[in-house]
Amino acid sequence: MAETAARTVLDLLRTAAPAAPAVLAPDRPPLDHAGLAGQIERTVARLNRLGIGRNDRVAIVLPTGPEMATAFLAIAAGATTAPLNPAYRAEELDFYLGDLGARALVVADGDTGPAATVARRHGARVLRLSVPPGAAAGAFALEPETESGGIGSGAPGPAEPDDTALVLHTSGTTARPKIVPLTQANLAASAQHIIAAVALTAADRCLSIMPLFHIHGLMAATLAALGAGGSLFAPGPFNALRFFAWLEEAQPSWYTAVPTMHQAILARAARNPEALARAKLRLIRSSSASLPPAVLRELEGAFRCPVIESYGMTEAAHQMTSNPLPPGERRPGSVGRAAGPLVRVMDEAGAFVPTGSAGEVVISGANVTAGYERNPEANAKAFVEAEGRRWFRTGDEGVIDAAGYLTLTGRLKEIINRGGEKVSPLEVDAVLSEHPAVAQVVCFALRHDKLGEEVAAAVVLRDGASLDEPGLRAFAAERLADFKVPRRILFVPEIPKGATGKLQRIGLAARLGLEP
C-alpha cells in the first residue's frame, strides 16, 4: 500500500463533513462530526490547562460506551492515551498504572472502584468524567478531583506524527507484560488500512460492540469508522440478548467482533427473524482470534452479507492482513492477504522461506510499533533486519500461498488466547503460587470449542495441604480479572518436565490427558 495521507488522529478525523453524524447511542441525541471536533478541542485545551500535554500519559478506566470512544480520541489528539480494562483488580491496576508512569487517570464521575485510589497512590491526577444532562452521545466534561496535583511535561497543542498516541500492554512469555507504544502515525496508518480493506465511506455506520480497552475496538470500531467520515453506534458493553434490538435501532452497515461474540449472536439469531430480515449489513468483520469456517458460513447465511476475517495484533496497531470484499475471494480458514504492512514468512535464522512453506509471520510497515518500551531484550528477539527493512516477528507460524493468502498454522508463543483476550500464563502462575497450599503451578492453554482456548492450570500441593478447585479459583478471582482465572485446575502429584528439567506448557494439556 502507498504511503498514507493522514499522519495523526486529528488529520484523519478532519476529513468528515461537519454536519454528518459521528457518535450515536440509545436514548441520546447524536453527536455530529462538528460536535466531536469541538469535544476534542475542548479536551486538549482542558488537559493543557492542567499541565498535561503531548506524550504525557493519561490512563482511562471507563466502561465501554460513547464516552469511552470519544475520550480515547480526544485524549489521544493531544496527549498519550492508555485505556485499561475496567475489570482489573486493585493489584493489577497497581502494576499497570505504575508501569505506565501515568500522569493522570480518567474515571467516571461517581466511580467508586479501586482505580482512583491506586492512581492517587502513584501520584497520578484523578480526572472525573461527567455527562451533562441532555448531552449528545459521547459529549462529556472533564474535571480534576483537586485543583492541585502532579503535572506533566509534554508540550501543549495538538499531537504531531511522531508523538505517542496510545500505549497498551501486551502479555508475553516473560513474566512482565510489555508496553507497546504506538505513535500518531502508527494509528493513522492502521485506520486507513482498515478503511481501505473494507471500503468504508461516510455512508457507513458501525455497531460498536468490542471492548474499548482493546486495539481491535479502538482502531476498527472507533478510529477507522469515524476516520472514514462515518459514524458509530455505541450502546455499551456487549450483550448478546440486546444485540438484535441494537441492530434494529442503529441500522448499521457493519460491525466488527471476535469469534466468540459472533457465536453468541448466532445463538440468538433464530429467535429474531424479523430483525434479521430488516438488517441491512454490508459486511461483518472478524478479528483477534481464529474464526471457524462453519461459523463464517452460518453468519453469512443469517445476515446475507460477506464475513471478512482479518488478522491483527497490538504491535501492528491492529490490522495486518484481511480477506477481500466481493468480488475478491474470501477463503474460510485463511486470514487473507496483506492489508497494510508488508507480510512475509521467515525461518528461525531470519531468512525468508519460499511460497507455501511454513515459518514465522513477520511484518514491516507504517503501522508497526518501533519497539517495546524499556525492553531491549524483547526488542532484540522481536525485530530483525532483512532486505533493507526492519521486520517484526509476530510469534505466529503461518504459510502464504501463491495468491498471497496467509493461513496461520500454529502458535509460537505460549500466550493463551481466550476468545481474543490474551492471558500471560506466567502472570497466572505468579498469583496461584501465592496461595499457601500451592507448591508448584503451571498455567497452560486448554482447547475450547467456542473460545478457541481456555485457561487451565496444573497444581502440585504442599505436603499435608488441602485445597480444592473452587477454593483456588476463588483465590485467583480476588486478584485477577475474570478472564484470567483458570476454568480448569488439575491437582497432580508431579508436573511433567522436559529433558532439561524445565516445566513445559506446550503440549501439557495432552500430556495430562485433557486433550487428544
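Trainee: Where does S208 lie?

Mentor: S208 sits in the loop between β10 (205–207) and α7 (215–227); helices (H or I, at least four residues) and strands (E, at least two) are DSSP runs, numbered from the N terminus. This is a predicted model, in which local features need pLDDT of at least 70, side-chain atom pairs count only at pLDDT 80 or more, and totals for chains, interfaces and linings use all residues. Residues are numbered from 1 along each chain as its sequence is written, and side-chain values use heavy atoms, with hydrogens and water left out.

Trainee: Why is S208 called buried?

Mentor: Buried means under 20% relative accessible area, exposed over 50%, partly exposed in between (1.4 Å probe, protein chains only). S208 has 2%, so it is buried.

Trainee: What makes D99 and R374 a salt bridge?

Mentor: The term asks for a side-chain nitrogen of Lys or Arg within 4 Å of a carboxyl oxygen of Asp or Glu. For D99 and R374 the closest N and O atoms are 2.9 Å apart, and the pair forms a salt bridge. D99 lies in helix α4 (residues 90–100) and R374 in the loop between β18 (359–364) and α12 (376–382), so the pair ties together parts 275 residues apart in sequence.

Trainee: Is D99 buried or exposed?

Mentor: D99 has 7% relative accessibility, so it counts as buried.
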